[in-house]
Amino acid sequence: MHRAAPRQRQEHNGEQAVPHRYTDGRVSTQRGGCSNSGSITEEGMHKSSPLNPTLKRSSPNGSTLSRFLFWELYREADMLGVLRREVACQGAHAWGLEQGLRVIASRALSSSAKAMTVRDALNSALDEEMSADPKVFVMGEEVGEYQGAYKITKGLLDKYGPERVLDAPITEAGFAGIGVGAAYYGLRPVIEFMTFNFSMQAIDHIINSAAKSNYMSSGQISVPIVFRGPDGAAAGVGAQHSQCYAAWFGACPGLKVLTPYSSEDARGLLKAAIRDPDPVVFLENELLYGESFPVSAEVLDSSFCLPIGKAKIEREGKDVTITAFSKMVGYALQAGDILAKEGISAEVINLRSIRPLDRAAINASVRKTNRLVTVEEGFPQHGVGAEICASVLEDSFEYLDAAVERISGADVPMPYAANLERMAVPQVEDIVRAAKRTCYRSTALAATA
Amino acid sequence: MGSWFARSRSIPYLLKRNISFLHANSSCKTLPPYKSPHGFRERPAASILSFRRLESTLAGKQAQAVAYTDDEVDSDADGENQSIEFPGGRVGFTTQMEFISEATDKRVPCYRVLDDDGFPIAGTRFEQLDEETAVKMYKSMVSLQIMDTIFYEAQRQGRLSFYLTSTGEEAINIATAAALSPDDIILPQYREPGILLWRGFSIEEFASQCFGTKDGHGKGRQMPIHYGSKDLNFITVSSPIATQLPQAAGVAYSLKMDGKEACAVAFTGDGGTSEGDFHAAMNFAAVMEAPVLFICRNNGWAISTPVSEQFRSDGVVVKGQAYGIRSIRIDGNDALAVYSAIRAARMMVVREQKPVLVEALTYRVGHHSTSDDSTKYRSVSEIEQWKRTRNPMTRFRNWVQANGWWSDKEETELRGTLRQQVLKAIQIAEKTEKPSLGDLFSDVYDKLPSNLQEQEKSLRQTIKRHKQDFPADVPL
């Protein structure tokens, strides 16, 4: 399959290849900006149909202006032949004036997709959900006056006041418990842990109360709570700030566990999590907060939502399946580029949801490629990769042409020194080597090659 | 209803900070003069140091030297009565280095209405009960006692897997329930089934839950005594201790946001106050000004741990002030005291939208649960004494009968009827079908997820194929 060179837009089977910018400045083509959600289909992208012109304004002033400018942009975009899609219309679209202006500002871009950092994606998702439902409130350390330890909740205190954005004292057990109690009553709390490492101090409330209450009370007490915060390794923060808890929370029935990668993931999955009646553990990544991804108009719409439990094929391939979540998706995509140069076409799956795990998508992919590499940042024993391996063995054993490879963090508490830290976390080269091993392309037999 | 506190035993009195740590009760050792602040050696316990006048003047001058310039400085010669603005507020100075003692001679007194025999103590003030409420209260206490006795026996006979009694704490259970409003949301620990009883949970419902039948709350998901009822505003009992405390603050905060005239009521035992969650809940509730009523049933024992090994403070009531929470200590075996105090506390919580702590002193007459034999760690005579001579039910009964509202004949009749009712409920529950197979998978999430649907389907197919191996007591 002919691969487009970087920095070129190219019609590829009728789809747009949108440039994706990595944090180190490299750009490569990938499918970006469109999701597998809702009524968007691959075919749908070919149809051009007018967008629903009924724009509901969320700010009282300037709406007419934004509506006018929006149509200006649309016409221009259409002229470029870029914007060809059918947008899921569920009632009126709500466009913030600010967003409208940002879209206009991005007119300069040749693509219709604008870029958004994961931080802004999360912030806007929280903002829109709080605006839509007065029961949603945010609680955590430094979320209010400080604007959020990682600025995810920036501006929310000013907009919604101290009754809906609560600064908590330093007691994870306390505010997790309070959140669970509020959820018992019927509110929809979004509890922020400064990092999920600190959720260990509240894990009883998450597991024994939030996860199990609906079951134990035979459906009488539901807990529509979201626990969110950065998870996994950052950079140079040592053992107690670097663990990935996806496998731990993913093991517990009653919870839903989500791991967004891109801004689209962040927006869609956070909105889905807040709207979900079950408790959701939302694992973000500190290093992804500042990373910018292209987002389509559909993603920016306030009714945008991604389904929970569906993985996304970030890159189609036919030789080896690479599953990853959170930051590792970026690494897997880089590995895919490197492999492509050597003639190995890798299919990269962004899991998006650890529980429920999209076993159907993973198995379908493995049945196509016959080889599997699982990638995760967390510890190897009882990890997400172990579960995926087991699932593939159970459902697609005959389809495997090679042993499954698991790439994970080293089985040690995270060291601090930069050189050691680099050795303790998967790198792109590890993924490339593992993929090659499944293709019997490596000469050394040892897994440490 | 009734007369309220007529004398000066009104709110100001209740607020009186009668915990006096600072002064002369503790022994005061005089020490040789010290040379500098850093040179002094710590003395053993009960160390209240007193400086000589000379040193205090020196210290006062030093204190003056470090005072911030924008403070109002009193022109007191010896440097006393100065204050300084620290984060958290203005604090007065003292030149006396005094440690607040860890123990006082005088413990916080305990509010009580009825004496040991059930007669109102002279001069006491309490919320008057009318006949209907008083009789209902007494009958509920009897129901609770009989239910406990028979269910406990059933466990001993092997018909139930587990049970936990509230023997000795019937007054706390029922009087609290009577004093609250049905809108108040209860977050129990596990020794408060009397509240459900008062609110209308039937004996049959209790039995269904304990036996895990298809009729029970819980669809057989919980072990016995883990009752709950959304309709009766009683959150399901949760096994980990004290988790309900911060959750109560959350419920209370939600009530506050809703503007409802109700509060959250959280129970814990003396042991539960050792959990981190207790601290988090009290602190947080005070900071958030959440309308939650914390009720601590201090019954002296946490399984085999006596309170002397649980904490070294003067019980739980003194902890309230540490968090900025109003608190009171009451005689938990005195139904009238409990009723009056809880009524007052609830009113404060709802009107002022602030937390209140009530410590009810009582005694756990029964074993911790059916998994415990408390004679192994406490004397039988101690248990007997509380059971016979300090029984909350006897005291209340005496008072009710003295008012002419109850008689021995009615007592016998009631006990007979209740016994029959409870026995029958157990017999029926034993024979009732257990929950069906589908209940294994439902309610894990709001909607049955695909993996569980697959599992259920696969299970049912297996059952069809191997009908003879499938247990007969699981309805399909």
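This is a predicted model: local features need pLDDT of at least 70, side-chain atom pairs count only at pLDDT 80 or more; totals for chains, interfaces and linings use all residues.
Between chain B and chain A, 14 residue pairs are in polar contact, with both partners at pLDDT 80 or more. Salt bridges between chain B and chain A number zero. On the side of chain B that touches chain A, the elements that contribute two or more residues are α7 (244-258), α8 (276-288) and α14 (438-441) of chain B. Of these, α7(B) provides the largest share, 10 residues. Sorted by class, this side of chain B comprises 15 nonpolar, 11 polar and nine charged residues.

In terms of extent, 35 residues of chain B are in contact with 39 residues of chain A. The two chains bury about 3,100 Å² between them, and carbon and sulfur atoms account for 63% of it.

Turning to the fold of chain A, seven strands build an open sheet with mixed pairing, in the order β9-β8-β10-β11-β13-β12-β18. Its edges are formed by β9 (165-167) and β18 (353-355) of chain A, each of which pairs on one side only. On average, neighbouring strands of this sheet are turned by 20° against each other, direction ignored. Within the sheet, β8 (residues 136-140) and β10 (residues 188-192) of chain A run parallel and are paired over five bridges. One of the residues involved is G140(A), whose bridge partner in β10(A) is E192(A).

Helix α5 (residues 172-185) of chain A touches β8, β10 and β11 (226-230) of chain A, and its direction makes about 165° with that of β10(A). Helix α8 (residues 263-275) of chain A touches β8, β10, β11, β12 (256-258) and β13 (280-284) of chain A, with its direction at about 160° to that of β13(A).

Helix α8(A) also takes part in a salt bridge, one of 46 that the structure holds over all chains. Here E128(A) is joined to K271(A), the closest N and O atoms being 2.7 Å apart. Because E128(A) lies in helix α3 (residues 118-132) of chain A and K271(A) in helix α8 of chain A, the pair ties together parts that are 143 residues apart in sequence.

A second open sheet in chain A has five strands in the order β15-β17-β16-β19-β20, again with mixed pairing. Strands β15 (312-315) and β20 (405-407) of chain A lie at the edges, each pairing on one side only. From one strand to the next, the twist averages 25°. Strands β16 (residues 320-324) and β19 (residues 372-375) of chain A pair in the parallel sense over three bridges, and T323(A) stands opposite T374(A) in β19(A). Helix α12 (residues 384-396) of chain A packs on this sheet, touching β16, β19 and β20 of chain A, and its direction makes about 155° with that of β19(A).

Two backbone details complete the account. R352(A), in the loop between β17 (346-350) and β18 of chain A, has phi near 60°, a positive value in a residue other than glycine. The peptide bond from R355(A) to P356(A) is cis, with omega near -5°, and P356(A) is found in the loop between β18 and α11 (359-369) of chain A.

How values were computed:
Residues are numbered from 1 along each chain as its sequence is written. Chains are lettered from A and ligands numbered from 1 in the order in which they are written. Side-chain values use heavy atoms; hydrogens and water are left out. Contact means heavy atoms within 4.5 Å. Buried area is the accessible area (1.4 Å probe) that two parts lose on being put together, summed over both. A salt bridge is a side-chain nitrogen of Lys or Arg within 4 Å of a carboxyl oxygen of Asp or Glu. A polar contact is a pair of N or O atoms within 3.5 Å; within protein, one must be able to donate a hydrogen and the other to accept it, and residues adjacent in sequence count only if both atoms are side-chain atoms. Helices (H or I, at least four residues) and strands (E, at least two) are DSSP runs, numbered from the N terminus. Ala, Val, Leu, Ile, Met, Phe, Trp, Tyr, Cys and Pro count as nonpolar, Asp, Glu, Lys and Arg as charged, and the others, Gly among them, as polar. Two strands pair if DSSP finds at least two bridges between them. Axes are lines fitted to C-alpha atoms, for helices over the stretch in contact, and angles run from 0 to 180 degrees between N-to-C directions.
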